[in-house]
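Me: Could we go through this model together? I would like to start with the ligand and then turn to some individual elements.

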Amino acid sequence: MKHVVVTGGAGFIGSHVADAFIERGYRVTVVDNLSSGDRRNLNPRAEFIETDIRDFDIRPLRPDVVSHHAAQMDVRKSVADPVFDTVVNVVGSVRLLQQCVEAGVKRFIFASTGGAIYGEPVYVPQDEKHPVNPLSPYGCAKLAVEHYMHYFREVHGLSTVALRYANVYGPRQSAHGEAGVVAIFARRMLAGQPVTINGDGGQTRDFVFVRDVVAANMAVAESTVAGPFNVGTGVETTINSLYLMMAKLIPGAPQATHAPAKVGEQMRSVLAASLRKPDVNVAEGLAETVDWFRSA
Ligand code: NAD
């Protein structure tokens with residue numbers, strides 16, 4: 001039986017990835033410090049090690065595959081405390097990469113970001129050749145780890161692949177951080193509270209459903225391709241139209257209010273979906289997500 005370690009496997013995306021590996025017959029070990037994850041997301045068939053990736057030693061486990069999803073993933077927090085962000089997201093990842101070489105790991109999959117690595121588009125949709133100009137320490141850290149992965153692959157022969165996610169949404173997403181706009185809107189609208197749209201709401205994002213993100217992970221888990229690969233939809237959605245689509249699903253939700261635009265907020269983001277075309281469009285994914293929040 002193949003063994004995969006999923007770091008961040010108690011979180012939103014990592015828990016869905018852990019479920020998918022279990023379905024495919026893998027032995028799964030989740031490593032998570034529960035800083036933003038939730039015990040309720042853990043698959044009962046997964047082993048769970050509650051620890052910080054900065055203290056964790058993967059070498060005794062000698063897994064076949066490592067799926068690295070643990071991260072300080074709050075963009076604003078990275079701006080407020082770039083050193084902490086670097087220690088978790090860069091140093092934590094490099095430690096893990098080094099140990100994976102020593103443990104003979106066969107495949108290392110990294111949850112990178114398209115939304116935060118490319119910066120304001122020079123052209124759309126942004127493909128993997130688009131210039132990389134991260135506008136946050138979080139984006140800088142993810143890009144740095146991609147460079148380290150290249151080093152570990154070329155010099156030490158570690159098979160690595162980076163997946164650059166767009167704005168992921170779906171069941172189990174928590175309402176913290178900036179990436180969670182769908183989760184924040186769903187929670188508030190279902191509770192009958194108004195949501196706040198920053199600026200005029202014309203800013204765009206590429207919303208990709210978590211099941212398509214899981215499928216991308218499965219597509220690269222047993223190959224040797226290196227990437228980086230975007231994981232998005234190629235479809236640009238304004239925050240205003242996101243709100244309107246969700247309002248249709250939640251009858252009686254209060255009108256959205258507008259606040260001043262956030263300084264430095266990216267105006268557009270949309271990724272070319274080159275690795276695989278998504279199975280789920282935004283309307284379908286939002287319906288499933290709202291249903292989940294309704295029953296949660
Ligand atoms: P999440 O917060 O739900 O998951 C992150 C998990 O990592 C949590 O369970 C958290 O407890 C754990 N964690 C954090 N710091 C840790 C540490 N030092 N040691 C051990 N565990 C730690 O967020 P998510 O949205 O599921 O994000 C998963 C990954 O995908 C992250 O690497 C994130 O940067 C990346 N990503 C997410 C998005 C998105 O739209 N959600 C977009 C691009 C990239």
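Predicted model: local features only at pLDDT ≥ 70, side-chain atom pairs only at ≥ 80, totals over all residues.

Me: Which residues come nearest to the ligand?

Reply: There are 30 residues around the ligand, and the nearest are Phe12, Ile13, Asp32, Ser36 and Tyr138.

Me: What polar atoms of Asp32, Asn33 and Gly37 lie by the ligand?

Reply: Asp32 places a polar side-chain atom 2.5 Å from a ligand oxygen atom. Asn33 has a polar backbone atom 3.2 Å from a nitrogen atom of the ligand, and a polar backbone atom of Gly37 is 2.9 Å from a ligand oxygen atom. A polar contact here is a pair of N or O atoms within 3.5 Å; within protein, one must be able to donate a hydrogen and the other to accept it, and residues adjacent in sequence count only if both atoms are side-chain atoms.

Me: How much of the ligand's accessible area does the protein cover?

Reply: The protein covers 97% of the 820 Å² that the ligand has on its own. Accessible areas come from the Shrake-Rupley method with a 1.4 Å probe, and for residues only the protein chains shown count as cover.

Me: Which elements give two or more residues to the shell?

Reply: They are helix 1 (12-23), strand 5 (107-113), helix 4 (137-156) and strand 7 (167-169). Strand 5 gives the largest share, three residues. Helices (H or I, at least four residues) and strands (E, at least two) are DSSP runs numbered from the N terminus.

Me: Turning to helix 1, how many of its residues are buried?

Reply: Helix 1 has 11 of its 12 residues buried, where buried means under 20% relative accessible area (1.4 Å probe, protein chains only). Among them are Phe12, His16, Asp19 and Phe21. Just after helix 1, Gly25 has a positive phi of about 90°.

Me: And helix 5, which residues are buried there?

Reply: In helix 5 (residues 181-190), the buried residues are Val181, Val182, Ala183, Phe185, Ala186 and Met189. Their cover includes strand 7, strand 8 (196-198), strand 10 (207-209), helix 7 (239-249) and helix 8 (282-295). Gly192 follows helix 5 and has a positive phi, near 75°.

Me: Is Phe209 buried or exposed?

Reply: Phe209, found in strand 10, is buried, with a relative accessible area of 1%. Leaving aside neighbours within four places in sequence, Phe209 is in contact (heavy atoms within 4.5 Å) with Tyr169, Gly170, Pro171, Val280, Gly285, Glu288 and Thr289.

Me: Last one: what does the side chain of Thr113 reach?

Reply: Thr113 is in strand 5 and counts as buried at 6% relative accessibility. Its side chain reaches the backbone nitrogen of Ala116 at 2.9 Å, and a polar atom of that side chain lies 3.2 Å from the backbone nitrogen of Gly115. Not counting residues up to four places away in sequence, Thr113 touches Tyr138, Lys142, Leu163, Arg164 and Tyr165.

Note on methods
Residues numbered from 1 in each chain as written. Heavy atoms only, no water. Near = heavy atom within 4 Å. Buried < 20%, exposed > 50% of the residue type's maximum accessible area, 1.4 Å probe, protein only.
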